[in-house]
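Please read them with the sequence and the model side by side.

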Amino acid sequence: MLTRTEGIVLRTAVFGEADLIVTYLTRDHGILKAFAKSPRKIRSRFGSSLEPLTHSRIAVMGREDAQLPRLTQSDILRPFQTLRDDYTTFVRASRLIEMNLRFLPEREPNHDAFRLMMQALAKLESGRKNLYFLYYKMRFLQICGYLPGLEICGRCGRSSSERSPQYFYLAHGSILCEHCSAVRDEARELSAGALRVFCGMLNWRFATIDRFRVGDHLIAELDSLLEAHIAYVLARPLQSTVFTA
Ligand SMILES: [Zn+2]
């Protein structure tokens, strides 16, 4: 059976002497692995289309339940070469790749995750990269059902005040109000400014993100909180994925 879709290369792994296993985030099948015969030989028809982050039109051949269908076509739609040329950007983009590999199950269609990655890669070719990386992480966690709860207390549901610092508890994945937890030393403090930005971001879209002004220190604060949350979540077995977007 021949399956055609679009995919973004997340990673490649060497297989045998000249072959590769390519892991894609695809538009129609979520994470999809494919076996690429001899792409490492000179004059391979796959050319540079198997570089990480490349967006291609692909076709794979194999039974529907085949573990590793064979890649038969890979035509570059958008190379995103500038993201690989800049070392720092590529390292940070690799974090987004890793999140996809860790959170998304194989062959479970996720149009939102694909669309979000496409939007992020396009934005990251220029502009305010710190903000784009942060926004991507927030939306990705939302899509996967792991958005940290910063708007309300994770226990009693009381709205968090945007005027004073709040306290985020990794074990709860949310803030807890002062009535629900007195043990502040287990918590990460979240500034009122960062909380306002986070709540605002929930209403943003990539298309209009450049309208918003956010201080670098607030971006860094939220990024650090999201990274701590992600590390905590990934240290536990993932529950079945819940899609909220
Ligand atoms: Zn509470």
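1. Accessible areas here come from the Shrake-Rupley method with a 1.4 Å probe, and for residues only the protein chains shown count as cover. On that basis the accessible surface of the protein is about 12500 Å², with 49% of it belonging to carbon and sulfur atoms.

2. This is a predicted model, in which local features need pLDDT of at least 70, side-chain atom pairs count only at pLDDT 80 or more, and totals for chains, interfaces and linings use all residues. Residues are numbered from 1 along each chain as its sequence is written, and side-chain values use heavy atoms, with hydrogens and water left out.

3. The protein has six helices and nine strands; helices (H or I, at least four residues) and strands (E, at least two) are DSSP runs, numbered from the N terminus. Its C-alpha atoms fill a box of roughly 65 × 35 × 25 Å along the principal axes.

4. Two domains are assigned, domain 1 (2-80) and domain 2 (127-234), with bounds from an automatic or database domain assignment. Their C-alpha centres lie 36 Å apart.

5. Of the 245 residues, 49% are buried, where buried means under 20% relative accessible area, exposed over 50%, and partly exposed in between (1.4 Å probe, protein chains only). Among contacts with a separation of 6 or more, 64% join residues 24 or more positions apart; contact means heavy atoms within 4.5 Å.

6. Ile 21 is in strand E2 (residues 19-26). Ile 21 counts as buried because its relative accessibility is 17%. Beyond its neighbours within four places in sequence, Ile 21 is in contact with residues including Arg 11, Phe 15, Lys 33 and Leu 68. Glu 162 is 141 residues from Ile 21 in sequence and 48 Å from it in space, C-alpha to C-alpha.

7. Helix H4 (129-144) has 14 of its 16 residues buried, so H4 is largely enclosed by the rest of the structure. The expected span of a helix is 1.5 Å times one less than its number of residues. For H4 that gives 22 Å, and the end C-alpha atoms are 22 Å apart, which agrees. Just after H4, Gly 145 takes a positive phi of about 80 degrees.

8. Helix H6 (residues 216-234) should span 27 Å with its 19 residues, and its end C-alpha atoms are 26 Å apart, which agrees. The buried residues of H6 include Leu 218, Leu 222, Asp 223, Leu 226 and His 229. Among the elements that cover the buried residues of H6 are helix H2 (87-103), H4, strand E6 (149-153) and helix H5 (192-201).
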